[in-house]
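Visitor: Could you show me how to read the features of a protein model, one at a time? I am new to this and would like to begin with a single case.

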Amino acid sequence: MANTVKGTVSLEVLSRRYGVDRSTVSRDWKRRGFNIKASEREIDEWIYENHLKPKSLLEKKELQLDEDIRFTRVKADIAELEKLQKEGKLVDTDEVTELLTQYLFLMKNAMRSIPTGIYLELAECETPLEMRQLLQDKIDSVLMEIGQFKYEQNGTDSEEGSPNDSATKED
């Protein structure tokens, strides 16, 4: 091996081992006090103190800076969420889940009760249009009884009926 003394390491081996260019080892490290003719143990100690340790400290500082930035972002996100919650624009998912469960339970029971309360009246209807109207009135009545869901948006349903109403009316 070139550039070696018994018990030392070559420039090529050092450059490969530590991921630096050969010229870095021969020029930069030498300028900073590196002795290529030192023993392998002394070379390892010098590299640790002058190359690896400062690099490690720099990485630690960068990691700490990244953590500080992340912490600052989290604090800003929390402040934004608290602001939205105070303004009523943010709703707790547990509350919505509980309210939806209760509301859907009421709706299920109310819908299941419709046939029991209306089957005799349906039998008296003479036309499918009368049956349809009776069912629609009963369903609307039941829906009014259970009320509106707390977070329900207004505006999509109309009392005049759905687009399918015109097709049924023509029957």
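Guide: Gladly! Let us begin with Asp-28 and Arg-31, which both lie in helix α2 (residues 22-31), three residues apart, about one turn of the helix. Helices (H or I, at least four residues) and strands (E, at least two) are DSSP runs, numbered from the N terminus. An α-helix has 3.6 residues a turn, so residues three or four places apart point the same way.

Visitor: Before we go on, what kind of model is this, and how are its residues numbered?

Guide: This is a predicted model, in which local features need pLDDT of at least 70 and side-chain atom pairs count only at pLDDT 80 or more, while totals for chains, interfaces and linings use all residues. Residues are numbered from 1 along each chain as its sequence is written, and side-chain values use heavy atoms, with hydrogens and water left out.

Visitor: Which residue forms a salt bridge with Asp-28, and how far apart are the closest N and O atoms?

Guide: The general idea is that a salt bridge is a side-chain nitrogen of Lys or Arg within 4 Å of a carboxyl oxygen of Asp or Glu. Here, Asp-28 forms one with Arg-31, and their closest N and O atoms are 3.3 Å apart. The side chain of Asp-28 also meets that of Arg-32 in a salt bridge, again given as 3.3 Å from N to O.

Visitor: Is Arg-31 buried or exposed?

Guide: For such words we use relative accessible area: buried means under 20%, exposed over 50%, and partly exposed in between (1.4 Å probe, protein chains only). Arg-31 has 65%, so it is exposed. Asp-28, with 22%, is therefore partly exposed, and Arg-32 is partly exposed because its value is 39%.

Visitor: How many salt bridges are there by this rule?

Guide: The count comes to six. Another one of them joins the side chains of Lys-83 and Glu-87, at 3.9 Å from N to O. Lys-83 counts as partly exposed because its relative accessibility is 43%, and Glu-87 is partly exposed too, at 40%. Back in our opening example, salt bridges that share partners join Asp-28, Arg-31 and Arg-32 into one network.

Visitor: Which residues form a negative surface patch?

Guide: Patches are made of residues with over 30% relative accessible area and no salt bridge: like charges are joined within 9 Å, and nonpolar side chains (Val, Leu, Ile, Met, Phe, Trp, Tyr) within 5 Å. Lys and Arg count as positive and Asp and Glu as negative, while His and the chain ends are not counted. In this model, Glu-59, Glu-62, Asp-66 and Asp-68 form a negative patch. Asp-68 sits in helix α3 (residues 40-86) and counts as partly exposed because its relative accessibility is 38%.

Visitor: And which residues make a nonpolar surface patch?

Guide: Leu-135, Ile-139 and Leu-143 make one of about 190 Å². Ile-139 is found in helix α5 (residues 128-146), and its relative accessible area of 32% is why it is called partly exposed.

Visitor: Now for the rings. How many aromatic pairs does a search of the whole structure find?

Guide: A pair of aromatic rings is described by the distance of the centres and the angle of the planes. Rings of Phe, Tyr and Trp (its six-membered ring) pair if their centres lie within 6.5 Å; planes under 30 degrees apart count as stacked, over 60 as edge-to-face and the rest as tilted. The search finds three pairs. In one of them, the rings of Trp-29 and Trp-46 have centres 5.7 Å apart and planes at 50 degrees, so this pair is tilted. Trp-29 lies in helix α2 and Trp-46 in helix α3, so the pair ties together parts that are 17 residues apart in sequence. Both Trp-29 and Trp-46 are buried.

Visitor: Which other ring pairs with Trp-46?

Guide: Phe-34 does, in a tilted pair with 5.1 Å between centres and 55 degrees between planes. Phe-34 lies in the loop between α2 and α3, so its pair with Trp-46 in helix α3 ties together parts 12 residues apart in sequence. Phe-34 counts as buried because its relative accessibility is 7%. Ring pairs link Trp-29, Phe-34 and Trp-46 into a cluster.

Definitions and conventions. Areas by Shrake-Rupley, 256 points an atom, 1.4 Å probe, with all protein chains shown as cover. Charge placed at Lys NZ, Arg CZ, Asp CG, Glu CD.
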